[in-house]
Amino acid sequence: MFRILALLASLVLLAACEETQLNEAKEDLGDFNMRVSFVYTDKALQWPLSRAAEPSEWNEPIERALEARLGRYTGAGKYDVAITLEGFLLATGGIPVLVNPKSAAVVNVFVYDVSTKTYLLKEHQMKIFEDTTGESAIIGSGYSRTKAEQIDGLALKIVDGLEEYMAEQHAEKGWFNGGESPETLAEPEPVTAPANPEAVAE
């Protein structure tokens, strides 16, 4: 039994992904320059089995991640960015190696082009899962990370995912092209966050 657990642990360590870093290389975002950012968390749902946390505890970490990642672009265009936290689960302790819950969050993101007065992105929903490192892969982030560390990690992953998505849209659809406005997106129906963590994994 010990050998089996040791083998499982080694496999999990090999499978663990590298942790997202605050100072990763810039993406190609054309003329992007974030004029202002907004973070809304007051209506966020805390899903069952989550560590207890107030929605307001997410504001500062997300704002900090936005400034660190998107605030470093100095293009000629002006764009507003908003993130609304819809729901979250902060993992508690599991069974080492065998059952390791992962923290997760659902957000809606918005990008507004100031010059054309149109939304490039409106209520685009993103499902975000925390990074898995060697330590958390074995004992779970509920044991290896504090609540604040889980929130900080997810906040960075949220903004990292948005930054990468914006870069994809710049390359594929011509976003942030200095006045050459892409086709205006139709306004979608309002999106409701999943009511439980199982829905996030689907």
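What you see is a predicted model, in which local features need pLDDT of at least 70 and side-chain atom pairs count only at pLDDT 80 or more, while totals for chains, interfaces and linings use all residues. Residues are numbered from 1 along each chain as its sequence is written, and side-chain values use heavy atoms, with hydrogens and water left out.

Strand E3, residues 79-89, runs antiparallel to E4 and is joined to it by ten bridges, where two strands pair if DSSP finds at least two bridges between them. Within this pairing, Asp80 has Tyr112 of E4 as its bridge partner. Strand E5, residues 118-129, also pairs with E4 in the antiparallel sense, over nine bridges, and Val107 stands opposite Met126 in E5. If you follow the hairpin of E4 and E5, you pass four residues between the strands, and Lys117 takes a positive phi near 55 degrees there.

Return to strand E3 and select Ile83, which is found in that strand. Is Ile83 buried or exposed? Ile83 is buried, with a relative accessible area of 0%.

Now turn to the charged pairs. Side chains of opposite charge can pair when their charged atoms come close. A salt bridge is a side-chain nitrogen of Lys or Arg within 4 Å of a carboxyl oxygen of Asp or Glu, and the count by this rule comes to nine. Select Arg35 and Asp80, whose side chains meet in a salt bridge at 2.7 Å, N to O. This pair links distant parts of the chain, since Arg35 lies in strand E1 (residues 34-40) and Asp80 in strand E3, 45 residues apart. Asp80 counts as buried, at 9% relative accessibility.

Move on to Asp152 and Arg64, where the side chains meet in a salt bridge at 3.5 Å, N to O. Here Asp152 belongs to helix H5 and Arg64 to helix H2 (residues 59-69), 88 residues apart, and the pair again links distant parts of the chain. Asp152 is partly exposed, with a relative accessible area of 32%, and Arg64 is partly exposed too, at 40%.

Then select Glu130 and Arg145, which form a salt bridge through their side chains at 2.7 Å, N to O. Glu130 sits in the loop between E5 and helix H3 (134-139), and Arg145 in the loop between helix H4 (141-144) and H5. Glu130 counts as buried at 6% relative accessibility, and Arg145 counts as buried at 12%.

Finally, show the whole chain again. Its secondary structure comes to six helices and five strands, and 45% of its 202 residues count as buried.

Methods: Helices (H or I, at least four residues) and strands (E, at least two) are DSSP runs, numbered from the N terminus. Buried means under 20% relative accessible area, exposed over 50%, partly exposed in between (1.4 Å probe, protein chains only).
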